[in-house]
Amino acid sequence: MPALIHHTEPAPTCLPPDWSGIGGCVLPVAAGAATGLLRCHALVLTTTGPLLAEIDFAEHLCGPGTLLWIRPGQAARFSRPGDGDDPLTIVFRPGLFGPEELPGLSPDDPSGPAREPLTPPGPAVFRDVFAHLAADAAGPPGPVAAALLRHELAALLLRIATLDPGSALRAHVESRTFERFRRRLEERFPHTRRVEDYAAELGCSVRTLTRASLALTGRTAKQVVDDRVALQARRMLAATSMSVAEVGRGLGFGEPTNFGRFFHRETGLSPGQFRGRFITGQPAAIPGQRSPAD
């Protein structure tokens with residue numbers, strides 16, 4: 001996918017209206033536009049034509065009937081290599097549903113369902129649901145319309161949750177430990193990269209976190225932390241106009257040289273080299289990860 005980043009203005013993204021928190025559009029970031037950081041959730045359903053989606057620097061060629069759930073803060077870029085009908089997208093704001101409001105599902109949990117593209121059975125059912133939601137979102141605003149949209153979206157999210165094959169794994173002890181770690185990491189990664197801090201906050205040992213991380217991801221707890229920091233660095237370098245020093249400071253690095261060493265160790269590229277791939281139009285390769293032995 002050609003890179004089209006220009007570090008002057010962020011790529012415009014589709015946002016839901018304030019009155020309902022739910023809206024419809026073709027794509028959350030226009031096809032062919034620069035990488036954008038989403039400020040809301042986006043459920044994207046391909047219809048007839050193929051869609052090339054790059055989500056957090058991983059490319060997915062989506063055939064008809066593919067469903068994507070892109071979370072707030074993720075980096076997204078799209079292109080449409082062939083002809084066909086427009087995709088259908090439903091966007092909704094974070095915090096629309098409480099953590100216990102939907103049984104077995106917290107939509108704002110980054111470890112929730114559909115972290116990878118899904119191909120639902122009976123795609124016509126999903127097309128109808130998306131079309132109805134988009135039509136209702138475009139209708140006259142009001143409390144009754146907002147309540148109807150919430151019910152429709154809740155039913156869609158629960159339907160998606162039943163399709164996620166990873167949901168059953170979360171009942172295991174190590175999985176629950178890792179999910180608690182992942183949630184805390186989302187809150188704290190700009191402030192600390194020390195596994196000891198996370199273990200203390202969760203009331204467990206570093207060994208427990210490492211064992212759970214290895215069981216669920218094949219990565220040590222320290223590598224999971226560093227992977228998350230490196231991902232955020234890539235997002236900010238690719239989709240914002242922040243300087244390298246500003247990106248580093250935002251992630252807890254007091255000195256640009258320390259951030260540069262960390263980024264090169266994690267990705268094999270300097271921050272400037274990574275950003276340069278977007279500016280010059282070279283493909284943005286997925287940086288390699290360190291082996292669990294590191």
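This briefing walks through the charged and aromatic side-chain contacts in the structure above. The structure is a predicted model, in which local features need pLDDT of at least 70, side-chain atom pairs count only at pLDDT 80 or more, and totals for chains, interfaces and linings use all residues. Residues are numbered from 1 along each chain as its sequence is written, and side-chain values use heavy atoms, with hydrogens and water left out.

**Salt bridges across the chain**

- Side chains of opposite charge can pair when their charged atoms come close.
- R150 and E101 form one of them, with 2.4 Å from N to O.
- R150 belongs to helix α2 (residues 143–163) and E101 to the loop between β8 (88–92) and α1 (123–137), so this contact ties together parts that are 49 residues apart in sequence.
- Helices (H or I, at least four residues) and strands (E, at least two) are DSSP runs, numbered from the N terminus.
- R150 is partly exposed at 27% relative accessible area, and E101 is partly exposed at 40%.
- For these labels, buried means under 20% relative accessible area, exposed means over 50%, and partly exposed is in between (1.4 Å probe, protein chains only).

- R228 and E186 meet in a salt bridge of 2.6 Å, N to O.
- This pair links distant parts of the chain, with R228 in helix α6 (residues 221–239) and E186 in helix α3 (residues 173–188), 42 residues apart.
- R228 counts as buried at 10% relative accessibility, whereas E186 is partly exposed at 28% relative accessible area.
- E201 and R188 form another salt bridge, their closest N and O atoms being 3.1 Å apart.
- E201 sits in helix α4 (residues 195–202) and R188 in helix α3, 13 residues apart.
- Both are partly exposed, E201 with a relative accessible area of 32% and R188 with 26%.

**Aromatic pairs**

- Rings of Phe, Tyr and Trp (its six-membered ring) pair if their centres lie within 6.5 Å; planes under 30 degrees apart count as stacked, over 60 as edge-to-face and the rest as tilted.
- F178 and F181 have ring centres 6.2 Å apart and planes at 80°, so they are an edge-to-face pair.
- In helix α3, F178 and F181 are 3 residues apart, a separation of about one helical turn.
- F178 is buried at 3% relative accessibility, and F181 is buried at 0%.
- F253 and F259 make a tilted pair, 5.4 Å centre to centre with 55° between the planes.
- F253 counts as buried at 6% relative accessibility, and F259 is buried with a relative accessible area of 0%.
- F253 and F259 also belong to a cluster linked by ring pairs, together with F57, F262, F263 and F274.

**Charges over rings**

- A charge sits over a ring if NZ of Lys or CZ of Arg is within 6 Å of the ring centre and within 35 degrees of the ring normal.
- R71 lies over the face of W69, 4.0 Å from the ring centre.
- R193 lies over the face of F253, 3.9 Å from the ring centre.

Terms used
Salt bridge = Lys/Arg side-chain N within 4 Å of Asp/Glu carboxyl O.
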